Amino acid sequence: MKLLLVISAVFLLAQAKVEKPHHQAKASKVRSHFNEPTPPTLEIGDEDYADPDNEKAILARSAALENGGDLGHHLFGIMSTLGIARRLGRKPIFALRAPYFKQASSNALWDLARNFPGLIPPQSIDVKHTYGKNFWPAGEDDLKLSGCCRFVDPEKSLKNKDRATVRFEGGYLQSYKYFQPYRGELNEKLLGNEALFTKMSQSLVSQEALGPDVERICIHTQRGSFLGNYHQASTFTFVRAAAQEVEGDNSIILLFGDDKTWMKQLAQKLDADGFDVEVAGKDGVPRVSELFFFRQYCDKVVISASSSTFGWWAAYFSQMKRAHVPVFYNQGFAKDPTYVAQLKAEDYYLPGWKALGLPNGTDDN
């Protein structure tokens with residue numbers, strides 16, 4: 001009996017040594033994003049980067065995306081970049097892991113993708129490579145299209161046409177001529193949320209302003225960062241003169257812009273002058289809906305601060321569906337001569353848009 005107990009004890013002890021506790025923690029399969037290996041750095045060499053389909057590419061940056069501007073800047077940045085890439089027969093690449101691709105650029109792409117689904121080709125987003133300094137040394141730019149508001153022919157400016165991937169450090173790219181040949185196709189991609197945003201845009205104004213017999217004069221205004229000695233901000237002097245210039249029978253002035261307090265003061269002054277006027281806007285409705293209001297409802301358009309990219313795109317949208325809608329803009333583009341020198345009017349304003357050479361007064365009146 002004692003021998004049997006000893007044998008049993010030895011057997012249980014041996015089993016305890018080889019069996020693992022059933023509650024032992026398993027190795028975690030959760031991967032931390034912050035612990036992921038650094039993506040490969042591309043170097044210039046025998047394998048100059050080309051995508052898996054062996055296409056030529058254009059590695060794109062743009063001040064319009066990088067400098068934290070509004071939706072108007074973002075639209076110029078992406079539309080012009082897509083147009084330039086198409087003109088050069090290259091695939092546009094936005095390298096999200098590259099050291100130069102800052103959060104502002106990622107935010108801009110997200111802003112565009114959310115508002116205009118389908119505009120940015122998914123295959124243009126590169127999350128595989130980082131593109132090191134040897135590939136793109138500081139200051140290198142194969143295209144040199146850094147001006148603000150004028151067109152430079154990309155085909156003539158490209159230095160090395162045989163390079164598999166050209167490096168493009170674009171400026172603000174504010175010229176419709178960069179994407180003009182492809183407007184039909186790109187315009188369709190701007191309208192992915194058309195039905196929703198058009199419906200939402202009706203809440204920006206009163207029911208009376210949407211009446212079938214009303215002529216809607218949409219005046220875009222810009223204050224904010226435009227105040228001072230660089231841009232030409234919207235002023236009461238110019239808006240009043242422009243309203244008098246374009247007013248018709250049974251018309252209503254609809255004011256759009258970034259400064260509601262100032263627009264309310266402006267509306268009071270215009271009302272005192274006998275204009276039928278409303279301040280458009282509604283809290284919680286995304287600003288992109290204003291573009292679709294211009295597209296659907298504006299019968300005349302005035303850009304009172306003509307260097308405003310959002311104002312430019314509002315006017316652009318107004319003629320996407322109804323090419324006959326007249327567009328007027330403030331001939332006073334900016335106050336700073338160096339900024340004015342960057343403007344080439346025929347490259348920036350669409351054909352048929354009419355300049356209003358009216359007084360601007362000061363920022364305060």
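Good morning. The structure holds 17 salt bridges, and I shall begin with several of them. Please keep in mind that the model is predicted.

Consider R287 and D70, whose side chains meet in a salt bridge at 3.9 Å, N to O. This pair links distant parts of the chain, as the two residues are 217 residues apart. R287 sits in the loop between β7 (277-279) and α10 (288-297), while D70 sits in the loop between α2 (63-66) and α3 (71-88). Are these two residues buried, partly exposed or exposed? R287 has a relative accessibility of 28%, so it counts as partly exposed. D70, at 24%, likewise counts as partly exposed.

The next group involves four residues. E140, D142, R163 and R167 are linked in a network of salt bridges. Let us take two of the pairs in turn.

In one of them, the side chains of E140 and R167 meet at 3.5 Å, N to O. R167, in contrast, is buried, because its relative accessible area is 6%.

R167 also forms a salt bridge with D142, at 3.2 Å, N to O. Here again distant parts of the chain are linked: R167 is in strand β4, and D142 is in the loop between β3 and α5, 25 residues away. D142 has a relative accessibility of 3%, so it counts as buried.

I turn now to the chain as a whole. Its secondary structure comes to 13 helices and ten strands. Of the 365 residues in the protein chain, 49% are buried. The chain exposes about 18500 Å², and carbon and sulfur atoms supply 52% of that area.

A word on confidence is needed. The protein chain averages a pLDDT of 86, and 85% of the residues score at least 70. Over residues 1-54, however, pLDDT stays under 50. For that stretch the model has 38 contacts beyond four places in sequence. Where pLDDT is low, the predicted coordinates should not be read in detail.

Let us move to the interior. In soluble globular proteins, nonpolar side chains tend to be buried together. In this model, the largest nonpolar core has 83 residues. Those with the most contacts inside this core are F116, L190, L291, W312, W313, Y316 and F317. Which element gives the most to this core? The answer is α3, with nine residues.

W312 deserves a separate look. Not counting residues up to four places away in sequence, W312 touches F76, Y176, F179, I303, Y348, Y349, L350 and W353. There is also a second, separate core of 20 residues, which includes F236, A243, A267 and L270.

Nonpolar residues are found on the surface too. L96, I125 and V127 form a nonpolar patch there, with about 210 Å² of accessible area together. One of them, I125, has its place in strand β3. I125 has a relative accessibility of 31%, so it counts as partly exposed.

S201 is a serine within helix α7 (residues 194-201). With a relative accessibility of 0%, S201 counts as buried. Which residues does S201 contact, leaving aside its neighbours within four places in sequence? They are S289, F292, F293 and Y297.

Finally, I would draw attention to two backbone angles. Phi of Y131 is near 55 degrees, a positive value in a residue other than glycine. Y131 has its place in the loop between β3 and α5, and at 1% relative accessibility it counts as buried. L173 also has a positive phi, of about 55 degrees, although it is not a glycine. L173 is found in the loop between β4 and α6 (183-189), and it is buried, with a relative accessible area of 0%.

Thank you for your attention.

How values were computed: Residues numbered from 1 in each chain as written. Predicted model: local features only at pLDDT ≥ 70, side-chain atom pairs only at ≥ 80, totals over all residues. Heavy atoms only, no water. pLDDT = per-residue confidence, 0-100. Contact = heavy atoms within 4.5 Å. Helix = DSSP H or I, 4+ residues; strand = E, 2+ residues; numbered from the N terminus. Buried < 20%, exposed > 50% of the residue type's maximum accessible area, 1.4 Å probe, protein only. Areas by Shrake-Rupley, 256 points an atom, 1.4 Å probe, with all protein chains shown as cover. Core = buried A, V, L, I, M, F, W, Y, C linked by side-chain atoms within 4.5 Å. Patch = residues over 30% accessible without salt bridge, like charges linked within 9 Å, V, L, I, M, F, W, Y side chains within 5 Å.
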